[in-house]
Amino acid sequence: MKMEEKLYDYMDWAEIEAVVYSEENHPRDILGPRVTEDGILIQAFFPGATRAAVHTIRDGKQTEMVCEDEAGFFAVLLPGKKIPSYTLIYWDGDGNQMEHYDPYAYPMQFTEQEQKQFENGICYSIYEKMGAHPMTVDGVEGVLFAVWAPNADRVSVVGNFNNWDGRRHPMRKLDYSGIYELFIPGKLVGEIYKYEIKAKSGQVFMKSDPYAFSSEVRPANASRIVDISYKWKDTAWMEKRETKDTDAQPMAIYEMHLGSWKRPTDGREFFNYRDIASLLADYLLMMNYNYVELMPIMEHPYDPSWGYQVTGYYAPTSRYGSPADFMYFVDYLHSKGIGVILDWVPAHFPKDEHGLGRFDGTALYEHEDPKRGEHPHWGTYIYNYGRNEVRNFLVANALYWAEKYHIDGIRI
């Protein structure tokens with residue numbers, strides 16, 4: 001029997017239809033490679049593609065895939081009993097050729113323990129997995145995406161890298177926790193992205209990443225993939241802080257709004273975090289302050305809110321620069337003997353469509369009862385503190401600013 005004839009026996013047409021119509025929340029069950037009695041079955045979906053092939057890296061061989069659905073679903077059986085290292089090649093309707101590693105060829109990155117801890121509200125380093133993390137898996141560079149959306153029917157990663165097409169990168173749902181994850185190979189640092197979510201109601205919409213480390217400059221609101229590694233120089237400050245008795249030593253705290261304290265005169269709207277660091281440090285030292293308290297610098301859409309209506313809890317606002325720029329700001333102030341305190345808003349969040357509200361089509365982060373879940377005066381949602389995963393999101397966020405940005409304290 002020819003390979004093409006054997007291949008037909010492995011086609012699950014119901015699953016193929018679910019992939020083609022963007023209704024699949026366990027895409028790894030059909031897409032990607034698997035070992036069968038007749039060889040290695042590899043299936044892939046390239047919407048609108050006219051041809052596709054598998055390129056096995058070890059021998060450099062290119063094997064044509066069979067088009068099993070004209071929407072762009074392809075499959076092939078390769079001889080052997082061990083999954084090879086390979087890339088996928090496809091040609092779009094204009095004849096353009098694309099090649100990349102298969103995002104469905106990689107194992108789950110979340111451990112069962114991490115999922116259990118998150119479910120119980122005690123995975124305080126959850127930001128190490130949630131969000132968008134540049135990493136290398138099995139020698140391949142890419143980005144791990146993960147988001148909590150337990151009531152969604154389907155979640156996909158969308159961005160310029162896939163033409164904002166939710167059919168191209170559906171994520172795998174981890175049923176135990178309601179987390180969706182997907183490792184996408186490629187050099188994606190700097191790219192913007194969102195999550196396309198299909199609710200149980202059938203509604204499809206896009207959301208920014210609740211755990212994103214960076215965002216576009218408002219009014220744009222897509223999340224941005226960044227590497228938040230930084231070479232800190234404040235070791236002496238951090239060591240001294242461990243033994244410092246703040247109850248016995250004077251604290252002179254200067255509260256300020258970073259965006260309006262001082263404005264550039266060269267046409268820019270705001271100073272960069274790096275620019276303002278030295279200006280601020282000189283002023284604080286002259287005025288004998290040893291701490292600065294910043295009104296919220298977490299990402300927010302509305303300037304007049306002064307940062308108190310947060311949409312990106314894990315992202316220093318891009319109005320003033322990048323995460324590395326804000327790390328420099330903190331590092332520089334520490335070098336001058338000045339501590340940094342952040343105003344932090346765990347009480348409520350705005351109703352902007354790209355934010356946390358009705359995140360997976362249900363009241364996920366906010367309380368479902370509007371009497372407990374909405375603040376009528378501010379027009380905002382109130383967190384559902386009875387949900388473990390919501391408490392985990394907030395507690396981990398406070399710890400994140402201390403761990404990743406060396407913040408010396410928070411004001412609630």
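In the predicted model, Lys351 lies over the face of Tyr381, at a distance of 5.0 Å from the ring centre.

Aromatic pairs number 37 in the structure. One of them joins Tyr106 and Phe183, whose ring centres are 5.0 Å apart and whose planes meet at 70°, so that the pair is edge-to-face, the planes being over 60 degrees apart. Because Tyr106 belongs to the loop between strand S8 (97-101) and H3, whereas Phe183 belongs to strand S13, the pair ties together parts that are 77 residues apart in sequence. Tyr106 is buried, with a relative accessible area of 8%, and Phe183 is likewise buried, at 3%.

Helix H3, which spans residues 112-119, contributes Glu114, Gln115 and Phe118 as buried residues. Viewed down the helix axis, the buried residues of H3 fall within an arc of 100° and therefore line one face of the helix. These residues pack against strands S10 (140-148), S12 (172-174) and S13 (179-185), and against helix H9 (388-405). After H3 comes Gly121, which has a positive phi, near 80°.

Strand S13 also holds Ile179, a buried residue with a relative accessible area of 0%. Beyond its neighbours within four places in sequence, Ile179 is in contact with Phe118 and Phe110, with Met130, with Ala146, Val147 and Trp148, and with Arg172, Lys173 and Leu174. The C-alpha atoms of Ile179 and Ala149 are 6.1 Å apart in space, although the two residues are separated by 30 residues in sequence.

Key:
Residues are numbered from 1 along each chain as its sequence is written. This is a predicted model: local features need pLDDT of at least 70, side-chain atom pairs count only at pLDDT 80 or more; totals for chains, interfaces and linings use all residues. Side-chain values use heavy atoms; hydrogens and water are left out. Buried means under 20% relative accessible area, exposed over 50%, partly exposed in between (1.4 Å probe, protein chains only). Helices (H or I, at least four residues) and strands (E, at least two) are DSSP runs, numbered from the N terminus. The arc is that of the directions from the helix axis to the C-beta atoms. Contact means heavy atoms within 4.5 Å. Rings of Phe, Tyr and Trp (its six-membered ring) pair if their centres lie within 6.5 Å; planes under 30 degrees apart count as stacked, over 60 as edge-to-face and the rest as tilted. A charge sits over a ring if NZ of Lys or CZ of Arg is within 6 Å of the ring centre and within 35 degrees of the ring normal.
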